[in-house]
Amino acid sequence: MSTDSRATEPVVDYDEVLKKYDPVMGLEVHVELNTATKMFCGCATGFGAEPNTQVCPVCLGLPGALPVVNAAAVDSAIRIGLALNCEIAQWCRFARKNYFYPDMPKNFQTSQYDEPIDFNGYLDVELADGSTFRVEIERAHMEEDTGKSLHIGGATGRIHGADHSLVDYNRAGIPLVEIVTRPIVGAGARAPEVAKAYVAALRDLLKALKVSDVRMEQGSLRCDVNLSLRPKAEDANAQNDVPLGTRTETKNVNSLRSVERAVRFEMTRHAAVLNSGASILQETRHWHEDTGVTTSGRVKSDADDYRYFPEPDLVPVAPARERVEELRATMPEPPAERRHRLQNDWGYSDMEMRDVMNAGAVLLIEESVAAGATPAGARKWWMGELARRASVEGRDLADFGVTPAYVAELDALVASGRLNDSMARQVLDGVLAGEGSPLAVADARGLQLVSDDGALSAAVDAVIAANPEVADKVRDGKLQAAGALIGQVMKEMKGQADAAKARELILEKLTAS
Ligand code: ZN
Ligand code: MN
């Protein structure tokens, strides 16, 4: 089957899905921890190093190499568990998850299986309408990342159609925590929104814990989306008695927006398959950001295919209760309290705050304000011009190339009177084109409001002289007519004038007796 024929798999309208089916989701989020060294060896973990320069016999899986558990990673895993309201295991072990893949030189991943370090938790997620949805956490376990394969020569960067492949083991052995939800039921039509809101809430929580960079576009936070549909029960109270349908797992969905879209797409595709009388194949799927569809990956292994068994080279992890309590004392402010505090500090209305949350912009605004932006200015830029441009490009605000520090700089340039809004938008063009910081772009492009009263005054005089009838109206007290003159002055000054100042001068010249 070619990629093209897969891409045109039939779907049904979203509203039609919900008339007949009830969606059930399971979200698996892999978080790369920001420890200085890897999970089982002393190799460095920095992102972007030359391929295969951060490796050693342990993370390359050479014979005889022995792993040692990274204590800092265990602390981070416990803190994540505590933040997710989990129980922390008294005693747990690592396990070998056996499978062959070239980016995993040991031929097994050291993970945890039936003894995760964190289990039985939940995360309360706030939705767009202000309601709260509780997502139950089944477990969060420690494991190691794999290396990275690069497929060269194909059009899509995938292995199909590639000439050859390269492997970079720098990522192999980087500590991961995998957070697995229980089946998320009862979300109904809001399933895509719940999925996105959950990942956004998790991202903000992990950021507040300072355990990860949580950069989705760099892969330090990755989401796998499991979805199934089951028939809608006649009696809504009996819905949870209806057995779950067959699920698919869409791998590595790497932006908040894509999480929402992938859930929505799979719902419409599953419904089309089920409506046709066929059944869903349990498989992994690839998400295509550009076309907004998933395509078939491989038939999914069940856990027993992995031949899990306890890792014989590592001692069990038995966190002392005193240590767990010490770590509990380091918990950041709970998300709901934090949100209320920020809303208060920023003076946003409930609706403004919810819009900011839905756009995934809370952290961005917090960091912009910390960098010196006014709360109103930060909200204006992130929720206005930047949100619009990110949406046109189909990207998350956080991955968009404009940093909170840049927004603070832009806000200051406007507040100080150096730029007006339309000049600020030109500055953003330059920033997004990689021309540097807002100040550098404004300097390079010669953007500067003319505050020199002499030049502005001369322009106002010229415009009054050229528009005697309009000027007479203003003299007669029809002040709204001044708008036409201000427009002329702005034109004369090539947009580099302060409109408020121009208005002031016009009124002064025409109405002062
Ligand atoms: Zn190593
Ligand atoms: Mn995993």
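Predicted model: local features only at pLDDT ≥ 70, side-chain atom pairs only at ≥ 80, totals over all residues.
Let me begin with the zinc ion, ligand 1. Its protein donors are the SG atoms of Cys41, Cys43, Cys56 and Cys59, at 2.3 to 2.4 Å. The angles among these 4 donor atoms run from 99 to 115°, and the site is tetrahedral. Along the sequence, the donor residues follow the spacing C-x1-C-x12-C-x2-C. Cys43 and Cys59 both lie in the loop between strand 1, residues 21-32, and helix 3, residues 71-83; the pair therefore ties together parts that are 16 residues apart in sequence. Are these two cysteines, Cys43 and Cys59, buried or exposed? Both Cys43 and Cys59 are buried.

I turn now to the manganese ion, ligand 2. Which residues coordinate the manganese ion? They are His30 through NE2, and Glu143 and Glu178 through OE, at 2.0 to 2.3 Å. The spacing of these donors along the chain is H-x112-E-x34-E. His30 belongs to strand 1 and Glu143 to strand 6, residues 132-144, so this pair ties together parts that are 113 residues apart in sequence. His30 and Glu143 are both buried.

The next topic is strand pairing. Strand 10, residues 221-231, pairs with strand 11, residues 248-253, in the antiparallel sense, over 4 bridges. Within this pairing, Val225 stands opposite Thr250 of strand 11. Strand 11 is also joined to strand 12, residues 283-288, by 3 bridges, and these two strands run parallel. Here Thr250 stands opposite Arg285 of strand 12. What is the handedness of the β-α-β crossover between strand 11 and strand 12? The chain passes from strand 11 through helix 5, residues 256-275, to strand 12, and the crossover is left-handed.

Finally, I would like to consider Thr294, which lies in strand 13, residues 293-299. With a relative accessible area of 1%, Thr294 is buried, because the cut-off for that term is under 20%. The side chain of Thr294 makes a polar contact with the side chain of Glu266, at 2.6 Å.

Definitions and conventions: Residues numbered from 1 in each chain as written. Chains lettered and ligands numbered in written order. Heavy atoms only, no water. Donors = N, O, S within 2.8 Å, 3.2 Å for Na, K, Ca; no water. Tetrahedral: all angles 85-135°; square planar, octahedral: opposite > 155°, others 65-115°. Buried < 20%, exposed > 50% of the residue type's maximum accessible area, 1.4 Å probe, protein only. Pairing = 2+ DSSP bridges. Right-handed = clockwise from strand over helix to strand, strands pointing away. Polar contact = N/O pair within 3.5 Å; in protein donor to acceptor, adjacent residues only side chain to side chain.
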